[in-house]
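Subject: Structure handover

Hello,

Here is the structure I promised to pass on. Please open it alongside this note.

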Amino acid sequence: MSLERFISQAISSWMSEEGPDSDIVLSSRIRLARNFEEFKFPTIFSHEEAKAVIEKMEEIHKEAGFKKYGSMELLKIDEMQPLQKRVLVEKHLISPQLAEDSPYGACLVTENEEVSIMINEEDHLRIQCLFPGLQLSEALQTANDMDDWLEGRLHYAFDEERGYLTSCPTNVGTGLRASVMMHLPGLILTQQLNRIIPAINQLGLVVRGIYGEGSEALGNIFQISNQITLGKSEQDIVEDLQSVVSQLISQERSARDALRKTSDIQLEDRVYRSYGILTNSRIIETKEAARCLSDVRLGIDMGYIKNVSKTILNELMILTQPGFLQLYAGGPLRPHERDIRRAALIRERLMMEQDKK
């Protein structure tokens, strides 16, 4: 299979689109945690109850009204190969916990992969919407529409005082997790981010790596999300996050302007050295690839590199992950083989850009 065809089949549509402030914000995500009133939470439920949850969602999936959200495919975790599960994690469609710890888990995914519903992860349902750029309000509207439709057919675990009940106390209330994926190389290069993070934490938000809690911030990509769901409305949570993200966007742009004024030639040299590594390397590890891709994306955004797609970072940060590399190769690869395959894929992808000129 050619790389171009592989990308068209493997990459979610939102990854190849540009949204508002997409030079800094890669994506916006809304996730709603919900549980059925009649079953124990997934942390303590029986295998029979887990199966009953999936059977209930299978019935709903067959309803004609469900089709208004697009064609959704039901994928059962126990019917998937390890590589298939890993790819879904790398695409942010399911969590590592669902892939590894939920033999009776499943997920529903729309054709464009903007909407997915994890079943029997930490909660019975986790409704997730992913949009390109800074589109928190739009993602929230889509998630709420889906949630309202489901709530008309299910009995959610809900308390008048506490709100939606969840396995983890930190999700009680709205059950909402709003997050934004940001590319912040300017704040890293000017050594400002470590000073900013404590201030963000004080506002009830948290800064994590590319795959959320416990993950590493590869390629200067950070996930900013809310920590508090109880005592705030969904709109308040989204507006608070939007306000902080807007300030971060402004600070990142200021940092880039400062770098251009004080270190323009050094920054341009860094960008082109990284571009040279990506276009010529025969072996490249994940961390080095992520660093170089970050530099190249910065170079594209600042106008040093012309005629290369702005969405290339979105694509290659996913395509160069272990699961995708092995999917493209057609089978398992040892770590050294993955490093060789990663270098070859990046070279081929950048050559596709050159051919468009």
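Below are the findings on cavities, ring pairs and charges over rings.

Please keep in mind that this is a predicted model.

Cavities first. The structure has 4 of them at 30 Å³ or more. Strand E1 (25-34) and helix H10 (312-319) each supply at least two lining residues. H10 gives the largest share, with 4 residues. By type, the lining of the largest cavity has 9 nonpolar residues, 3 polar and no charged.

Now the rings. There are 4 aromatic pairs in the structure. One of them joins Phe-36 and Phe-39, with ring centres 6.1 Å apart. Their planes stand at 45 degrees, so this pair is tilted. Phe-36 is buried, at a relative accessible area of 1%. Phe-39 has 16% relative accessibility and also counts as buried, because the cut-off for buried is under 20%.

Tyr-156 and Tyr-164 form another pair, with ring centres 5.9 Å apart. The planes of these two rings are at 80 degrees, so the pair is edge-to-face. Both tyrosines are buried. Ring pairs also bring in Phe-158, giving a cluster of Tyr-156, Phe-158 and Tyr-164.

Last, charges over rings. Tyr-164 comes up again here: the charged end of Arg-34 sits over its ring, 3.6 Å from the centre. Arg-153 lies over the face of Trp-149, 3.8 Å from the ring centre.

Best wishes

Definitions and conventions: Residues numbered from 1 in each chain as written. Predicted model: local features only at pLDDT ≥ 70, side-chain atom pairs only at ≥ 80, totals over all residues. Heavy atoms only, no water. 1 Å grid on protein atoms, 1.4 Å probe; cavity = no way out; pocket = protein on both sides within 12 Å on 5 of 7 lines; lining within 4 Å. Points joined across faces, edges and corners; volume = space filled by probe spheres on them. Nonpolar A, V, L, I, M, F, W, Y, C, P; charged D, E, K, R; others polar. Phe/Tyr/Trp six-rings, centres within 6.5 Å; stacked < 30°, edge-to-face > 60°. Buried < 20%, exposed > 50% of the residue type's maximum accessible area, 1.4 Å probe, protein only. Lys NZ or Arg CZ within 6 Å of the ring centre and 35° of its normal.
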